[in-house]
Amino acid sequence: MMDQTTTPDGTGSVQPVAERESASERVRRLIRTQILTAQLSPGEIVLEAELAKNFGVSKTPVREALQMLTVEGLVTVLPRKGYMVRTLSINDVRDVMELRLILEPPLLASAARNTSDELVAELRALLDQQFNPDLDLEGRVQAAREFHLTCARASRNARAATLVRILTDEINRLHHLMPMVEDHISSATERAAHEAILESIARSDAAAAESQMREHLIESNAAMVAAFYGAASFS
């Protein structure tokens, strides 16, 4: 039975709500990926009709996807014009970094208290992946992101881990917008920091883990700020 809110799918047939929602989520994921990998640049205008054509769907799932991305803060509405990919300023960068410093060190301490052989093995695999010389920038960024997210999830604080995921998405975007920071993701400094964090978790040393994550974020944040000032403005 069709729900009364079903709509045409662009081919003249009727599209059930569940299918439309699935299409909306798929389109949201595709647009989100394009934003986070800088395929859609900060300040770029996106139009429902154009996106619908590109993704081969009707405008309805595109509109719903863009509304979800508006809630996430990745796009803003331009009345009677469309949507704009949210711009980035140095204040945005600092906000993200300050929030990570508040959240991640104590979460890592909790992760160290909850350590397991499986956690240590997972983090080791991610660290090795991040520094695989054959990996491209996207792969390195994703491995580093997942290293931090795995640590956050191991704290067993699901809400805080969700916040860390949102913040690391912003960092992901910055890496793609600022090529000059690319070397940092594969630097000896970055590797030493992740190795130290991993060793602290393996030893269940909560105090050391918290301290090392804080030091790591302070160093990474300094590199990010320096890269931002060396890049063109995104605001």
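What joins the side chains of H184 and E219? A polar contact of 3.0 Å does; the term covers a pair of N or O atoms within 3.5 Å, where within protein one must be able to donate a hydrogen and the other to accept it, and residues adjacent in sequence count only if both atoms are side-chain atoms.

This is a predicted model, so local features need pLDDT of at least 70 and side-chain atom pairs pLDDT 80 or more, while totals for chains, interfaces and linings use all residues. Residues are numbered from 1 along each chain, and side-chain values use heavy atoms, without hydrogens or water.

**Two buried residues**

Buried means under 20% relative accessible area (1.4 Å probe, protein chains only). Helices are DSSP runs of H or I, at least four residues, numbered from the N terminus.

| Residue | Helix | Relative accessible area |
|---|---|---|
| N221 | α10 (residues 206-230) | 8% |
| H184 | α8 (residues 182-185) | 15% |

Contact means heavy atoms within 4.5 Å. Beyond four places in sequence, H184 touches E190, E219, S220 and A223. H184 and A223 lie 39 residues apart in sequence, with 7.5 Å between their C-alpha atoms.

**Helix pair α4 and α7**

The axes of α4 (residues 90-113) and α7 (residues 158-177) come within 10 Å and cross at roughly 140°. Axes are lines fitted to C-alpha atoms over the stretch in contact, and angles run from 0 to 180 degrees between N-to-C directions. On the α4 side, the contact includes V93, L103 and L107; on the α7 side, it includes A160, L167 and L174.

Terms used: Helices (H or I, at least four residues) and strands (E, at least two) are DSSP runs, numbered from the N terminus. Buried means under 20% relative accessible area, exposed over 50%, partly exposed in between (1.4 Å probe, protein chains only).
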